[in-house]
Amino acid sequence: MSSRKKNLLKVIVLGDSGVGKTSLMHRYVNDKYSQQYKATIGADFLTKEVVIDDGSQAATMQVWDTAGQERFQSLGVAFYRGADCCVLVYDVTNPKSFDNIKSWRDEFLIHANVSSPETFPFVILGNKIDIEDSKQKISAKQGQEMAKELGNIPLFLTSAKDSINVDVAFEEITRGALQQNQNDADAFKDDFNDAINIQLDDESSSCAC
Amino acid sequence: MREGDMQGYVEPSAIRMKVSKSFDDDSSLSKNNSNVTSGDFDSGVGMNTRKNQVASQNITMNNPIYSMKAKFGIRSPSVPNFQDSLYSGNNNSTPILNNSRRFDPGINKNESNNMDTRKYWKENADVDSAKETPIDNNKTHDDPAMSVIDLYNDDDGYSRNNRSSMGHQLEDYHLESDDEEDEDSENNHESSEMLAAVSNAEFLPKSITLNRKELNTEHCDRYGFKKKNNYVSEETYNAWWEDYSGYCIRRKHKWLLLLQKSGLPVHNDIPVRFPPHSEKLKRYVRKGIPAEWRGNAWWYFARGQEKLNKNKDVYSNLLLKMGNLEDETQKGKIQDLDVIERDLNRTFPDNIHFQKEAFSTKEPVMIKSLRRVLVAFSLYNTKIGYCQSMNFLAGLLLLFMDEEKTFWMLVIITSRYLPGVHNVNLEGVNIDQGVLLLCIREYLPELWTEIESSYNGYTKNTPNNSANSKNLFLLKLPPITLCTASWFMSCFIGVLPIETTLRIWDCMFYEDSHFLFKASLAIFKICEPDLLKGKPSHRSFSQYSLTNTKQHRSNACQDDYDMQMFQVIQTFPKTIIDPNDIFEKVIFKRRLQLNRLDQNEIDKCRKYVAVQRQKHKNYDDIIGKLGNTSPFDEKSDEQNLHGGKFIDNSINILGKDLKMTSEMVNEALSSEVYDFKRGFSGVNWNNSIKERVKHMRKKK
């Protein structure tokens with residue numbers, strides 16, 4: 001299959017206000033960090049080209065950064081639809097943001113109208129691990145327990161500031177998004193079955209970040 | 001006359017030409033004005049020195065060139081809350097400060113500081129000016145600003161000669177401020193610093209930078225924002241500013257003439273009252289209010305004083321309440337406090353007034369003010385509490401007026417200009433987005449076609465497809481509104497570059513909220529070519545051929561295009577550095593249909609959308625297709641919105657008939673289509689005239 005068709009992967013980043021969604025997104029897409037991000041109102045998006053496998057497949061990842069304040073959820077509902085992966089972010093120094101992960105996931109599933117909620121790819125990021133240990137309130141263990149509870153969601157402890165685990169996490173996100181994209185395509189078997197044919201289980205598959 | 005004076009007199013001919021030429025260029029200037037201007041201009045040219053200014057003080061009020069020099073600063077707006085550090089002694093803001101300082105001194109701890117620096121400044125100024133000639137203190141405050149012409153006209157001869165005629169204080173000031181790249185000027189002494197303090201931020205002399213090196217003020221604009229950002233380079237900014245600052249000077253000159261004509265006083269360069277509404281004033285406002293007047297002008301046009309007079313002591317009481325909160329550690333009970341706290345440093349991190357000084361752990365005064373205003377507001381209006389984006393509104397206001405006024409302006413904005421927009425359910429945003437969509441459909445039909453087809457892609461496989469009436473987009477807003485929502489919520493702060501934003505704010509306060517819609521349409525209008533560039537050319541074909549794929553992820557072309565559209569909408573506004581791109585290319589073009597939009601239309605439109613959304617929700621509930629997933633649960637808020645009664649009625653009517661089908665819904669809803677008043681909507685009016693004429697004829 002040498003289709004040059006470009007896939008569009010839609011990734012949505014959710015989480016409480018101030019957990020570092022914008023920073024993570026910029027770190028991944030531009031490999032930059034700034035102390036000077038403003039609060040996000042509504043939503044912003046960035047795109048990144050990802051090359052899959054041997055380079056025969058290209059995809060455009062569209063990362064959506066959302067406003068964290070609760071009341072903004074109702075605004076974002078419209079664009080949850082068609083998402084290929086959902087990234088849930090908490091701040092390891094902020095227990096409340098950790099507790100809210102579950103409700104962010106539920107909120108997403110309600111509005112995204114995904115075909116099979118059980119298999120939809122989520123990724124959880126516990127951000128700000130660069131901050132001194134004494135200020136970290138959520139341990140890795142707690143994080144893993146929650147991730148397991150929510151259905152074995154992959155968890156990464158990240159730092160957008162020091163660029164820790166961000167690329168690895170987004171590799172996983174890409175993988176999940178591609179899988180989802182594939183599943184959807186399979187679910188709607190049609191004349192587009194030549195669009196995507198990637199061995200996703202292949203360990204060597206990774207994005208060119 | 002001293003030698004320097006002579007030189008000063010001879011040389012400026014070039015600059016005179018330049019400035020008066022720019023006046024002629026300005027299209028809005030009436031012939032009468034232009035004559036007056038150039039005449040007076042000539043007679044005033046010799047007065048370059050302070051000495052001469054003093055000597056000729058009697059004629060200053062009627063002498064535009066004097067005013068040009070003494071009052072035409074492109075200065076930083078007052079920044080009243082920041083006086084104790086960078087702008088100590090900036091007397092621009094003194095009137096404002098004195099105006100409404102009624103609450104307890106504990107609130108404004110910096111005030112004593114202010115007084116000290118001001119006093120210090122005065123003493124120094126007195127001593128120094130005494131050497132030359134007795135001089136009025138107030139005047140000396142204005143003096144540094146008179147150099148603005150030198151600064152903005154790259155006529156070196158003029159400024160150099162001028163310098164020699166000045167006292168050494170001024171000379172230093174000129175040396176520093178004239179040439180941004182003049183590194184030597186860093187080694188300057190205190191006296192110049194004093195003068196520098198009253199000059200504007202745009203060309204803040206290096207002596208201040210010396211004290212606050214880390215701030216690098218030369219990289220900031222006159223409001224303290226970094227010139228450079230991801231979309232505009234500093235070079236681009238400087239190149240544009242060279243032109244635009246000239247424009248600002250010319251506009252301020254016109255404003256002064258206008259105020260003079262209307263017999264309104266301008267004390268210390270700051271008018272407190274403005275002329276009554278008129279077409280002429282509207283034009284003036286649209287061309288921009290002088291930056292240093294904005295605080296007062298906005299306050300005046302938004303009728304802030306009225307509001308404050310009715311609510312005396314409310315703000316200080318709120319602050320007391322806030323203080324008590326801290327004592328009783330009830331903070332946790334108010335959810336908003338957390339979010340406010342997180343947003344304080346994420347409001348204007350690129351503005352020096354909101355940044356910590358280097359090596360200091362002290363919280364900037366601005367941040368403290370911002371916190372007080374936002375917390376006070378969340379206590380004042382519990383229906384709104386704190387909504388992200390209000391931090392931007394309050395933050396910008398704080399750059400132009402004091403805390404209490406900022407608070408009341410925030411109250412006014414969130415109730416009068418953007419009703420319901422910041423409420424917990426954000427229904428006001430949704431309504432305004434619906435209105436914006438209707439406006440696009442009406443005024444930018446080509447763009448609407450694209451938005452609509454993109455939207456259809458999104459909704460094709462939604463469960464209630466059958467109810468896909470003409471107006472469904474009013475309930476389930478297209479994703480594009482996710483971008484445009486922030487345009488309204490923060491009134492373009494962070495969406496457009498600052499000067500452009502401020503010009504829209506000028507008009508918003510003068511012309512009311514419809515201007516936000518007009519500005520949005522103008523932005524779309526300018527970026528329309530970009531938006532339409534990549535539209536999928538074979539849409540009709542591909543849609544036809546893909547009907548059996550349930551439209552799922554099938555239309556790659558459309559997807560790409562959608563993304564491109566988002567990209568343009570997201571980034572294009574950030575590049576509109578020149579406000580006149582919006583104003584001259586769109587807003588001032590009378591022939592453009594969209595300029596017919598007025599407040600009445602928007603009010604009607606808002607009502608209509610509110611009702612439609614409510615009906616859709618009710619239908620959805622009745623049919624049960626959406627079930628309880630509807631995120632809009634708070635009915636109480638509807639009362640607040642336009643046409644609250646109307647909505648209630650429709651609810652009752654709907655409640656009677658529970659056996660609705662989606663087809664019925666569809667039919668019912670599509671029968672109500674909003675009609676904008678057209679150019680030829682005078683049909684009714686004409687008919688009535690016809691009738692009257694008929695009657696009259698019959699009588700005859």
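**Entry 1: a buried pair in chain B**

I began with burial and found that Glu427(B) and Arg613(B) are both buried (under 20% relative accessible area; exposed is over 50% and partly exposed in between, with a 1.4 Å probe and protein chains only). The model is predicted, so I kept to its limits: local features need pLDDT of at least 70, side-chain atom pairs count only at pLDDT 80 or more, and totals for chains, interfaces and linings use all residues. Side-chain values use heavy atoms, without hydrogens and water, residues are numbered from 1 along each chain as its sequence is written, and chains are lettered from A and ligands numbered from 1 in the order in which they are written.

Glu427(B) and Arg613(B) form a salt bridge, with their closest N and O atoms 2.9 Å apart (the term means a side-chain nitrogen of Lys or Arg within 4 Å of a carboxyl oxygen of Asp or Glu). This pair joins helix α24 (residues 427-443) of chain B, which holds Glu427(B), to helix α33 (residues 599-623) of chain B, which holds Arg613(B), across 186 residues. Helices here are DSSP runs of H or I with at least four residues, strands are E runs of at least two, and both are numbered from the N terminus.

I then looked up the total, which is 23 salt bridges over all chains. One of them pairs Glu292(B) with Lys252(B) at 2.7 Å, N to O. Glu292(B) sits in the loop between α16 (279-286) and α17 (294-301) of chain B and Lys252(B) in helix α15 (residues 234-261) of chain B, so the bridge ties parts 40 residues apart in sequence. Glu292(B) is buried at 3% relative accessible area, and Lys252(B) is buried at 2%.

I also noted Arg371(B) with Glu363(B), again a salt bridge, at 2.7 Å, N to O. Here Arg371(B) is buried at 17%, while Glu363(B) is partly exposed at 24%.

**Entry 2: where chain A meets chain B**

My next stop was the interface, where 43 residues of chain A contact 52 residues of chain B (heavy atoms within 4.5 Å). About 4000 Å² is buried between the two chains, 58% of it from carbon and sulfur atoms; this is the accessible area (1.4 Å probe) lost on putting the two parts together, summed over both. Lys38(A), Ile41(A) and Arg71(A) lose the most area in chain A, together 18% of what that side buries.

I looked for salt bridges between chain A and chain B and the count is 0.
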